[in-house]
Amino acid sequence: MTRNIIISSTFHLLIIIIATMSLPFLVKKPIDLPPIISIDLIQISDETNIPFAPKAKKIIEKVKKKEEEKLVSEQAPPKKVKKEKPDIVPLPDEKIEKIKKPEDKKQNPEKIDSEIKQVSEFEKDELFDPNNIAALIDKSKEDVAEEVYEKNKLTQDQDKSINIIGLSLSEEDALKAQIFGCWSIPLGLPYNENLLVRIKLKLKPDGTVIRSEILDHARMNKPGQGFYKVLAESALRAIQLCQPLRVPSTGYERWKDLQLNFDAREMLEG
Amino acid sequence: MIFRYLFILFILLPFNAFALIEVDITRGNLNPLPIAVTSLSMDKDSEKKFKELLKKDDIGLEISNVLKNNLKKTGLFNPLNNDAFLQKSDIAHLKPRFEDWALIKAQALITGKVTFVDDKLRVEFRLWDVLAGKEMMALAFTTVPDNWRRVGHIITDKVYERLTGEKGYFDTRIIYVAEEGPKTKRIKKLAIMDQDGFNTKYLTLGNELVLTPRFNPTNQMVTYLSYFRNLPRVYLLDIETGVQEVVGDFPGMTFAPRFSPDGKKIIMSFAMDGNSDIYTMDLENRVVERITNHPSIDTSPSFSPNGKYICFNSDRSGYQQIYVMKSDGSNVKRISFGKGLYGTPVWSPRGDLIAFTKLHKGKFYIGVMRTDGKGERLLTENFYQEAPSWSPNGRVLIFYRETKTNSKGEGFSAKLWSIDLTGYNERLVDTETDASDPSWSSLLSK
């Protein structure tokens, strides 16, 4: 009796743990900001990436603005904030020099110069000052915001394709029309048998097939399933013949895995 | 107990659902599959030997031509022109450059080699999937050199089966009535040939009128109707020995014979006093059994492949229609209800369809319907055509058609034709003379 209770309670506990860990509604929304911070920091500090400079400058300004808004007042001019920030944390001279070297190689050092300095200072601040974590988080938020802003600049069609779960009707029609042309249906197949071949594809962004997998592969080699095998082989030939598949130019994440269901009954019944 | 908990756990385990995009492909093209058939390669010694024996310059090419013709006639394959080939056949047989074959749009490739070994002809061949870049099949056959055409047919059967999933029908023969002379004074002989029209042999001299020859399941015996001494009766002929005999001792006319699926019985019609009924005769003990007993004309019986049912045509409803009954004659059920007259029903070797001839508004149709009479499809229409016979795989029908020989409606010609179940692939079957009443054998090599 006791043993059963122990087993029962153990498994109940196990269920609760598994459910807690894997049920989507129980999982807290992941904060995706920290990982972005670390990646950005490493890249910028190691390479002193010039293209990031203007972005960083803006970020600094915005961060300072926000800080001012919170702490002081709305009147604080951005220039002052810029100056204050580098002054607070003194930077080692060597590192500034290191950064200056690549600057000399640039064709337009004058314009880029100040921005680089600011970036490098900013990065070093972040690296060495743990008090600026809040600012870092804000920065990453800005990055995300900028990305979203850039996405918003996309055309309406592109934007739609990102939001839609499946393919749009026109996208699906284009793909179907292409495969219709490539698929030579084996005419000897019986029309009264359940012959549906499902093939899962892994695609490259340009529509070429990385991997194709027949979902009912076991049926291929079963005795008496000769017709299924023939149909499956014809479907694979059609995919080979058609590639690169006519896939949408955007939304790769949506359709990188695609399932094609080949069903010849309609044609065979004639 | 633990397993029960594990099972419940497994059910409760939530899976991350992700929306995999599915696209249904329900249409394709009906174009024949482009296939490259290379000439079978030979070494010099073999080439010389075959030239002496068979009087053929290139037996490898001849065999590949048999293969190509067979594939083309199916309507399912499009053999490509050899002039377009980029790779030599002997090298392709060892290792095809698939990109070269894909370049000429071939989707399948057949390569092979012929050698002369111990006074025999040895053929090996390979079937390749060009797009997948892999070998699909590799086989070898050894036979007497004279059998080279049959080797071509057997290879076609293997290729056809691998690419379509159903058995082939190429290593088969057709028996038919060869006709010569004007219509009023026609000479009719029993003839047998390969399904592609080659190797024709005549089994009777043409002294008597012969009709409706049918093979037995082993293709060794033929039953047919002969007007020997002007008395129409069913005969049995052994093809190998040439011995023939009358089937049963009926006091009247017997006709429309056919073998049972096990080859042990012959089913036929017997007419007396204006009434005809269906009978069977056991070939072992010669026992005759009456299957139908009706004052109407019951004829053209044909067994289902499992031997449990018989289809036949009867005018018991006032018009000639198709009926199905159990093999003992019980449970007679009419299955054709369309307009017109229905006759010559033949059960498909697959068992799913019954082929028939239909006469409606002065035109003859060859069609098929399901065994319950539903799903009637008329495959071909003409001025006069009848007597369909199934290919052993139940995919193609052979029948004969009579036509006028010129546009003024003068002259007369009877030829064999074939049509597949799609109704699109209708072809004239080559015969040396005019021909009628064809019957398809089963596969010679099983």
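Reply: In this predicted model, strand β8 (residues 173-180) of chain B is joined to β31(B) by five bridges, and the two run antiparallel. Strand β31 itself covers residues 434-440 of chain B and is mostly covered, with seven of its seven residues buried.

The pairing belongs to an open sheet of four strands in chain B, ordered β10-β9-β8-β31 and paired antiparallel. β10 (201-202) and β31 of chain B are the edge strands; each has a single partner strand, so one side of each is left without a neighbour in the sheet. Towards the β10 end, strand β9 (residues 187-194) of chain B is joined to β10(B) by two bridges, again antiparallel. There B:Ile192 has B:Lys201 of β10(B) as its bridge partner. In general, strands of a sheet pair through backbone hydrogen bonds, parallel or antiparallel.

Strand β3 (residues 257-263) of chain A pairs with β1(B) in the parallel sense, over five bridges.

As for the contact as a whole, chain A puts in 45 residues and chain B 30 residues. On the side of chain B that touches chain A, α1 (2-12), β1 (21-25) and α6 (148-164) of chain B each supply at least two residues. β1(B) gives the most, with five residues. By type, this side of chain B divides into 17 nonpolar, eight polar and five charged residues.

Notes: Residues numbered from 1 in each chain as written. Chains lettered and ligands numbered in written order. Predicted model: local features only at pLDDT ≥ 70, side-chain atom pairs only at ≥ 80, totals over all residues. Buried ≥ 20, exposed ≤ 12 C-beta atoms within 10 Å, placed from the backbone. Pairing = 2+ DSSP bridges. Contact = placed C-beta atoms within 7 Å. Nonpolar A, V, L, I, M, F, W, Y, C, P; charged D, E, K, R; others polar.
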